[in-house]
Amino acid sequence: MSEVGSSRSIENEFYSLEESTSSDRLQLETSAENEKPLTNNYQLMKRYSTASIFDDAPLGYAELETPEENPSESTDQWDMNYHEASIYLEEGENNDKFTFHPRSRDALPAYNLVHNQVFYCLDLFAAIALLSLALTEKPAVPGFAVPEWIHASIELLCLLLMCVELVMKVRWMGSQAFFHHKRSVIKLVVLVIMIIEAVVVLGRQTSHFRVTRALRPVFLIDNHYCKGIRRVIRQIIQSLPPILDMLSLLLFFMLIFSVLGFYLFRSVYEDTYFSSLQESFVSLFVLLTTANFPDVMMPSYAMSKWSSLFFIIFIIIHVYFLMNLMLAVVYETFTRIEKDKFRKLLLHRRKACQLAFRLLVTKNSPLEMSFRHFEGLMKYFKPRNSKLDNYLMFKTLDMKKTGYLTMNEFLNVFEASPLKWKPKRQDDLWFMHLKGIPLKIFTGINKLVSHQTTDLIINAVVAINGVWQIMEASEVFGSQKRDTYYEECDAVSCNTSEDIYGWVSIAFVTFYTVEVSLKIMGLGFFEYFGSRWNRFDFGVTLMAIAGLIAEQFRFPFSYVTILRTLRLLRLFKLKKRYRDVLGTLFIILPRFLSVALVLVILYYFFGIIGMEVLSGYNLVNCCKNTTVEQFYRFDNDSSLDGYYYLNNFDDFVTSQITLFELMVVNNWFIIMNGYASVATEWSRLYFMSFYIVTMVVINIVVAFVLEAFLFRIQYKRVMGDMDKETLVRVDVGLNQREIEFCHASKTYLSKVQLMTLANDQVSENVVFRGTRTRTKFSFSLKMYGEEVKKWLKDAENEERHQRELLLNQLQQEQLTQTSITDEYLHDRTFTV
């Protein structure tokens, strides 16, 4: 396999330490000259598992001394090693701790049962089903109510599946490791509580006070597909200490102002906002959100205009200083955690590769991994890969073209494994094989669409289109009523061809259509759609054409207006800053979904508590003789109704809408005061707690967006345009012998087609291109390249130091044991 030729050009950067690699190889080769010292050290090392070398590694069930190369003698053992190595890589990829690695060979069936796609889907379905029960349980959404025995039975069935997962975890982790796994322990406690409550409901055939239903999102968070949610929650928890410090400072100042406001304004007869210390604190808490300003100031302001200084100073200190300072603290903490998280993940993956590599080398060749063992690893780590995929990946990692992988080359497996391989198309333009006039035409089109002047003209047309649409909208809405626009046109027998606005719209859409067509002809289909901006332009153009068709068929005016307005999205291309904003959106969109799901979980938690505590209260015509009375008025005359009585917690859907209104904070205190009037004053704690928690989460979201945007700007300054590096491309060439070797498995092309491609090329190689989307981790590898080298160097030095200490300890133990044996033999001889 090492004899076959290859050609390869790598366009991405893998992380490695060339200096340390050369030094390590020199040391190991020197040791290899003397077989005995290396063997002695190795025999000492093999007595201990990987836990002896790495503090957080478990007691492995495969010895450090891996099987010999003869597959007929140790096929089962090699298969176990492949499986365990793949588990190490999965733990590195998912950032799972090695302390929860399968503890023995007998634990593998339990591990395999839980770690498969079918069980993942069942677990996700059960978690969603548990959350959905909130629609059917009392107080149920109208039309979704079911008897207690039905939803209790469904709940028990889902909880039973969760029990199976926890039992399997105990089986493969062991009880001691299981109870050190915090997430599993929390899930176990919640599971026990849920089972007891479900059994009680099933036995009594009636629901009871079950505020613990708010803990059901724990099962969703623990699901395999919700790794992003766990990362966001972990980041929020890690950011809490400085946030809590700022909250304490904020509430301390608020308490001081509450006491001061109480003594200053309690003598104002009409001022109910500061009638007591409690009312004073609540009023200033609402003022923190600016929802009751200037209402809270007006009674005292009517008595003395100097009283406005109190409120102005409060707002400046709390709203404009402390709240923004909290955002700054959150951003600084978030950014620091992001970088530290990247460092830990990098080192964690490195250690996972090291642990896996030790299981894939032989005693005779402990420094290099052959393709056979690499393929055995991929059988478990990437089971959908073909032999061709694995071989191309192997050649990508084989930087030195030796036919074997060293440890430092294997460290890049996480960067190479996501590559998707396909035969590479020629870099030449698609029309280069044409001759005569067609070649000249398409060459001219290519030069036209690639010229900078063309972009300037297109941007100018986009700007003119935006101005024209504003003029068009002003003319339409200024001269005609929206509901009678089409009817008046029909009355005077006008149509699109007679309408100047219709003609101009057709002209703009025609220009965009011609632009898209010319770019596809000049660049080629694959080259054109390989750009995100071109795909964006293509989609906007299609929507604009749909808008014209909608006008022809007299669709409702509002829908046509929406499709017209979408053309303005092209204005994002006019300025680099706009492209940065949209590019940041593309980058954070996958992670932003996890943040949105965290907010949904937060809503669920507070929604269930609100339903259990605040449902069933009648808010109609409540709050008599209070400042919010008018908002809850109900009268036969609908013009006098306040409608705020509709904001309640009488079912799950309504509670979610009410919580969204509270998060917006506009007039949120009206809902709070309504429940404080009909329920209890202590209900204010619920609403104030919800505001504080959502404020923290929203600040995390803002910090998340800021970090992504500033990272993009910083990357552009240091490394170049991020948009041009969204794809990682790796080219690997295979000759005829390699194609024969890889054809034992399914390939993208038939053997005849591959051989034909090989014979048509001068180098007799078929070039395959591997591509993948560059992730935030990949961008960070390039951005922090120097720091990455330092981190890896420090980690390597620490590991070398630990190995030296371990070897010294083992040699000392061996010398001590030899001394004891010699002394025993001496005493025995003397006695005889």
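**Figure 1. Helices H10 and H13 run past each other.** The axes of helix H10 (residues 227-265) and H13 come within 8 Å and cross at roughly 170°. An angle over 145 degrees counts as roughly antiparallel, so H10 is roughly antiparallel to H13. The contact of H10 with H13 draws on 25 nonpolar residues, six polar ones and two charged ones. Like every view here, this one shows a predicted model.

**Figure 2. The whole chain, for orientation.** The chain has 832 residues, and 44% of them count as buried. It holds 32 helices and four strands. Take the contacts in the chain with a separation of 6 or more: residues 24 or more positions apart account for 74% of them.

**Figure 3. Helix H11 crosses helix H13.** Two packed helices are described by the angle between their axes and the distance between the axes. Helix H11 covers residues 277-288, and helix H13 covers residues 308-358. Their axes come within 10 Å and cross at roughly 55°. H11 and H13 are therefore oblique to each other. The crossing of H11 past H13 is right-handed. From H11, the residues Leu284, Leu287 and Leu288 take part in the contact. Their partners in H13 are Phe310, Phe311, Phe314, Ile315, His318, Val319 and Met323. Sorted by class, the contact of H11 with H13 has nine nonpolar residues, one polar residue and no charged residues.

**Figure 4. Helix H5 crosses helix H6.** The axes of H5 and H6 come within 9 Å and cross at roughly 140°. H5 and H6 are therefore oblique to each other. H5 passes H6 in a left-handed crossing. On the H5 side, look for Phe119, Leu122, Asp123, Ala126, Ala127, Ala129 and Leu130. They meet Glu155, Cys158, Leu159, Leu161, Met162, Val164 and Glu165 in H6. By class, 11 residues of the contact of H5 with H6 are nonpolar, none is polar and three are charged.

**Figure 5. Glu91, a buried residue in helix H3.** Helix H3 spans residues 71-93 and contains Glu91. Is Glu91 buried or exposed? The cut-off for buried is under 20% relative accessible area. Glu91 has 4% relative accessibility, so it counts as buried. Leave aside its neighbours within four places in sequence, and Glu91 is in contact with Asp96, Lys97, Phe98, Phe100, His101, Pro102 and His348. Glu91 and His348 are 257 residues apart along the chain, yet their C-alpha atoms are separated by 8.8 Å.

**Figure 6. Glu707, a buried residue in helix H28.** Glu707 belongs to helix H28, residues 684-718. Its relative accessible area is 6%, so Glu707 is buried. Which residues does Glu707 contact, leaving aside its neighbours within four places in sequence? They are Tyr331, Phe334, Thr335, Glu338 and Lys776. Ile588 gives another distance to trace in this view. The C-alpha atoms of Glu707 and Ile588 are separated by 10.0 Å, and the two residues are 119 apart along the chain.

Figure 7. The bond from Lys138 to Pro139 is cis, with omega near -5°. Pro139 sits in the loop between helix H5 (117-132) and helix H6 (148-173). The bond from Phe293 to Pro294 is also cis, with omega near 10°. Where is Pro294? Find it in the loop between H11 and helix H12 (298-303).

Figure 8. Asn95 is not a glycine, but its phi is positive, at about 60°. Asn95 lies in the loop between H3 and helix H4 (108-114). With 36% relative accessibility, Asn95 counts as partly exposed. Gln205 is not a glycine either, and its phi is positive at about 60°. The loop that holds Gln205 lies between helix H8 (182-204) and helix H9 (217-221). Gln205 counts as partly exposed, at 40% relative accessibility.

Figure 9. UniProt, in an unreviewed entry, places the feature "domain: EF-hand" at residues 393-420. In the model, the chain over residues 393-420 is 46% helix and 4% strand. The end C-alpha atoms of this stretch are 10 Å apart.

Notes: Residues numbered from 1 in each chain as written. Predicted model: local features only at pLDDT ≥ 70, side-chain atom pairs only at ≥ 80, totals over all residues. Heavy atoms only, no water. Axes fitted to C-alpha atoms, helices over the stretch in contact; angles between N-to-C directions. Helix = DSSP H or I, 4+ residues; strand = E, 2+ residues; numbered from the N terminus. Parallel < 35°, antiparallel > 145°, perpendicular 65-115°, else oblique. Left-handed = near helix turned anticlockwise from the far one by under 90°. Contact = heavy atoms within 4.5 Å. Nonpolar A, V, L, I, M, F, W, Y, C, P; charged D, E, K, R; others polar. Buried < 20%, exposed > 50% of the residue type's maximum accessible area, 1.4 Å probe, protein only. UniProt positions renumbered as here; feature names shortened; annotations may be inferred.
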